[in-house]
Amino acid sequence: MAAARLARAAPTAAGAALHSAGGRLPLPGGDTEIDWKAYMAEVEGVINGTYDYTQLQGDTGPLVYPAGFVYIFMGLYYATGQGTDIRMAQYIFAVLYLATLLLVFLIYHQTCKVPPFVFFFMCCASYRVHSIFVLRLFNDPVAMVLLFLSINLLLAQRWGWGCCCFSLAVSVKMNVLLFAPGLLFLLLTQFGLRGALPKLGICAVLQVVLGLPFLLENPVGYLSRSFDLGRQFLFRWTVNWRFLPEALFLHRAFHLALLAIHLTMLLLFVLCRWHRTGESILSLLKDPSKRKVSPQPLTPNHIVSTLFTSNFIGICFSRSLHYQFYVWYFHTLPYLLWATPARRLTHLLRLLVLGLIELSWNTYPSTSCSSAALHVCHAVILLQLWLGPQPFPKSIQHSKKAH
């Protein structure tokens, strides 16, 4: 026992090497890490035998991500020489970046909504996204690549595997839950309540299995840290609310108001945009074969539009957006802008919206103008999604068997 306690207390080679950088680990190209050192310290605690989430922390604070994050970054810990081989970590994240683009292109290929020239901007025009993936080594890209893999599986009608990958993405970072309302709507549309429950069970059971070692040690500590929905954000890092007084930004009433607006917008889209059969919304709880109006097969555009819109509504009314959060919706923006016919917005205006969003995310530190511009662009996209015709015509149908 004494030897075990000594092993936990003694600094490892990784800790010594990371601390030698004086709080910022230099990366190739002259840049510096932000959270990598903290990630390595957090998983190092688990490797040394600490399973109490309240005892796991790094330089930037306590561990606040679910168990999937721990396992994935534990693998990166060993693959990068206990976190010290930063160039290897960058190579791994460069491959992750390419995998993300491939999965996104596969999604867009099936929707046939976005003109090819737009993909140039997705690949080459965002310094911020390149930085988040390859320079900063955040966990957000890991969560998003799993999310896009999940969407590809849903498009292939592999609903069980899609839900499994979706839950894996949630286990890396909770932002993926912004897609959850859309996924729930699709499951109910496709299977009804009874058929959707097994798919939802996959998501729940996977979370329990991944978190089991930590749940057995301190269940309250694990749940309160890894799924803390009330965590406070620092005003100095906000990208979207810089024009507000800091006191208002931190006030609970403001947070509750944003949550209320978020839920209201989701409900409006569910009732008026996503559910268009003419039946009551409660009909979704019935088995599809027992509904008065026979449901149309879900098309790729129906699936993608519902999921991307669900996430985008959450982004619009987020309590705070930090710079690494850009990857939460960057790759979905072209679809959201081009899903409706050109008569609403010309190609030039859509590119202008993309450019202003990019400019807002590249303004550091954020300003009142950059934050306001970001909200204006979000409002334009949201209004277009609300007013535009449905982007999934009934003529495009797939009769693949649901799994």
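Is cysteine 164 buried or exposed? In this predicted model, cysteine 164 is buried, with a relative accessible area of 18%, a value that falls under the 20% limit applied to buried residues. The structure as a whole holds zero disulfides, and cysteine 164 accordingly takes part in none, the nearest cysteine sulfur being that of cysteine 165 at 5.6 Å. Cysteine 369, in contrast, is exposed, with a relative accessible area of 65%.

Charged side chains were examined next. A search of the whole structure finds two salt bridges. In one of them, the side chains of lysine 37 and aspartate 59 meet with an N to O distance of 2.5 Å; lysine 37 belongs to helix 3 (residues 36-47), whereas aspartate 59 is placed in the loop between strand 1 (57-58) and strand 2 (61-62), so that the pair links distant parts of the chain, 22 residues apart. Lysine 37 is itself buried, its relative accessible area being 6%.

Aspartate 140 and lysine 173 also form a salt bridge, in which the closest N and O atoms are 2.7 Å apart. Aspartate 140 lies in helix 8 (residues 140-155) and lysine 173 in the loop between helix 9 (159-172) and helix 10 (180-217), and the pair therefore ties together parts that are 33 residues apart in sequence. Both partners are buried: the relative accessible area is 0% for aspartate 140 and 7% for lysine 173.

Arginine 350, which lies in helix 16 (residues 347-362), is likewise buried, yet arginine 350 has no salt bridge, and the nearest side chain of opposite charge, that of glutamate 358, is 17 Å away. The side chain of arginine 350 instead reaches a backbone atom, the oxygen of leucine 337, at 2.8 Å.

On the surface, a nonpolar patch is formed by Leu184, Leu193, Leu197, Leu200, Leu282 and Leu285, which together present about 510 Å² of accessible area. One of these residues, leucine 282, is found in the loop between helix 13 (252-274) and helix 14 (300-316), and leucine 282 is exposed, with a relative accessible area of 58%.

Notes. Residues numbered from 1 in each chain as written. Predicted model: local features only at pLDDT ≥ 70, side-chain atom pairs only at ≥ 80, totals over all residues. Heavy atoms only, no water. Disulfide = S-S within 2.5 Å. Buried < 20%, exposed > 50% of the residue type's maximum accessible area, 1.4 Å probe, protein only. Patch = residues over 30% accessible without salt bridge, like charges linked within 9 Å, V, L, I, M, F, W, Y side chains within 5 Å. Areas by Shrake-Rupley, 256 points an atom, 1.4 Å probe, with all protein chains shown as cover. Salt bridge = Lys/Arg side-chain N within 4 Å of Asp/Glu carboxyl O. Helix = DSSP H or I, 4+ residues; strand = E, 2+ residues; numbered from the N terminus. Lys, Arg positive; Asp, Glu negative; His and termini not counted. Polar contact = N/O pair within 3.5 Å; in protein donor to acceptor, adjacent residues only side chain to side chain.
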